[in-house]
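Colleague: I am new to this structure and would like to learn how to read it. Please take me through some features one by one.

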Amino acid sequence: MSAPTPEPTDNVSEPGVTSGLVCGHHHLYSALARGMPAPPRTPHNFQEILELVWWRLDCALDLDMIRWSAMLGALEALERGTTAIVDHHASPNAIEGSLSVIADACAEVGVRASCCYEVTDRNGPDGMRAGLAENERFLRSGGRGFVGAHACFTLSQSSLEAVVGLASDLGKGVHIHVAEDRVDSAAGERLEALTTDDWLLAHCVHLDRPLRGTVAHNPRSNMNNAVGYARPQRLGNTVVLGTDGIGGDMLEEFRIAYVRHREDDVTATPVDAWSWLESGRILVPEAAEDRVRWSYDPIDPWHLAFTPGVRPVEVVVAGEVVLQDGRPTRVDAPEIRARAREQAKRLWARL
Ligand SMILES: [Zn+2]
């Protein structure tokens, strides 16, 4: 199989400076979830975590909540030197226009975004069609992103084919969760004949065969959902790192990726996890032109794997200083946090 070759990613030679970091799999809508009321009962497996937490939360989202969760998520990413976010969105009762709301919020903060809407059958045929239509509306209007799909286990064969058909018509890849848990272990068989090199395959923990595309590894989320270790290099694909919605701090995700790798293999070094972090820039190549000046030098995998709390001092995106002395220049951070808190209260009241 032919994984795309990573671009030369960091061409920066200045001490303590890197290109922009990329979050290769995010769910910005989850920014308002922290501290939410406990589910009606304790989930005992991945399917129950979806049913009792995430599928209740995403059904309660409206466009105002989506806007302020994206503003907060983009702010938190920028504050950690992440200049590009590859987002995977779901809001079954506020689908139309949702991707533009997210893209606009990221642009306002000064962070690059690649968006998609997760097509699924879990909300019936009308919900499936509305999700497909939102991908098409956004991408045809010039939006940047993928055609989104939830996961094979919530998609009929005809829905999956509709996703693949739209992606092919638009010349885009598909961004989909793949075998995140055993419940989706048939994904490899169902996707084998469909994937192309421009697909983004999130998780792949239980994937049983090679597929074409880039693998987005989300080590902390996988641990948090107790789905197992992905061993992301075993299939031979290019690997990038994502947070799966747990913030936008990619240096922290790198550290977790390394230590999870090391837990599995005592000969593992931080160089592999660092290469996954850098490969994120194949998803948003312009991030290689962004500049992040860090509070720490040297920028070296062995140093950074064991140095928590390293933070950006200045971030330049597309030639514009968007973070100075650790503070955003385009938006007011306390204001965003206050508005997001208001929206979180509205959201939680609906649960
Ligand atoms: Zn995800």
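Modeller: Start with burial: Asp 244 counts as buried, because 26 C-beta neighbours lie inside 10 Å. A residue is buried if 20 or more other C-beta atoms lie within 10 Å of its own, exposed if 12 or fewer, and partly exposed in between, with C-beta atoms placed from the backbone. This is a predicted model, in which local features need pLDDT of at least 70 and side-chain atom pairs count only at pLDDT 80 or more, while totals for chains, interfaces and linings use all residues. Residues are numbered from 1 along each chain as its sequence is written.

Colleague: Where is Asp 244 placed?

Modeller: Asp 244 sits in the loop between strand E10 (239–241) and helix H8 (250–264). Helices (H or I, at least four residues) and strands (E, at least two) are DSSP runs, numbered from the N terminus.

Colleague: What should I look for in the backbone?

Modeller: Most residues other than glycine have a negative phi, and most peptide bonds are trans. Asp 244 has a positive phi, near 55°. Cys 204 also has a positive phi, near 55°, and belongs to the loop between strand E8 (200–203) and strand E9 (214–217). Cys 204 is buried, with 27 C-beta neighbours inside 10 Å.

Colleague: Which peptide bond is cis?

Modeller: The bond from Asp 297 to Pro 298 is cis, with omega near 10°. Pro 298 is in the loop between strand E11 (291–294) and helix H10 (301–304).

Colleague: How do I read two packed helices?

Modeller: Two packed helices are described by the angle between their axes and the distance between the axes. Here the axes of H2 (residues 63–78) and H3 (residues 98–109) come within 8 Å and cross at roughly 35°. Axes are lines fitted to C-alpha atoms, for helices over the stretch in contact, and angles run from 0 to 180 degrees between N-to-C directions.

Colleague: Which residues of H2 and H3 meet?

Modeller: Among them are Leu 63, Ile 66 and Ala 70 in H2, and Val 101, Ile 102 and Ala 105 in H3. Two residues are in contact if their C-beta atoms, placed from the backbone, lie within 7 Å.

Colleague: What does Val 313 touch?

Modeller: Leaving out residues up to four places away in sequence, Val 313 touches Arg 293, Trp 294, Ser 295, Asp 325 and Gly 326. Val 313 lies in strand E12 (residues 312–317). Its C-alpha atom is 5.6 Å from that of Arg 293, 20 residues apart along the chain.
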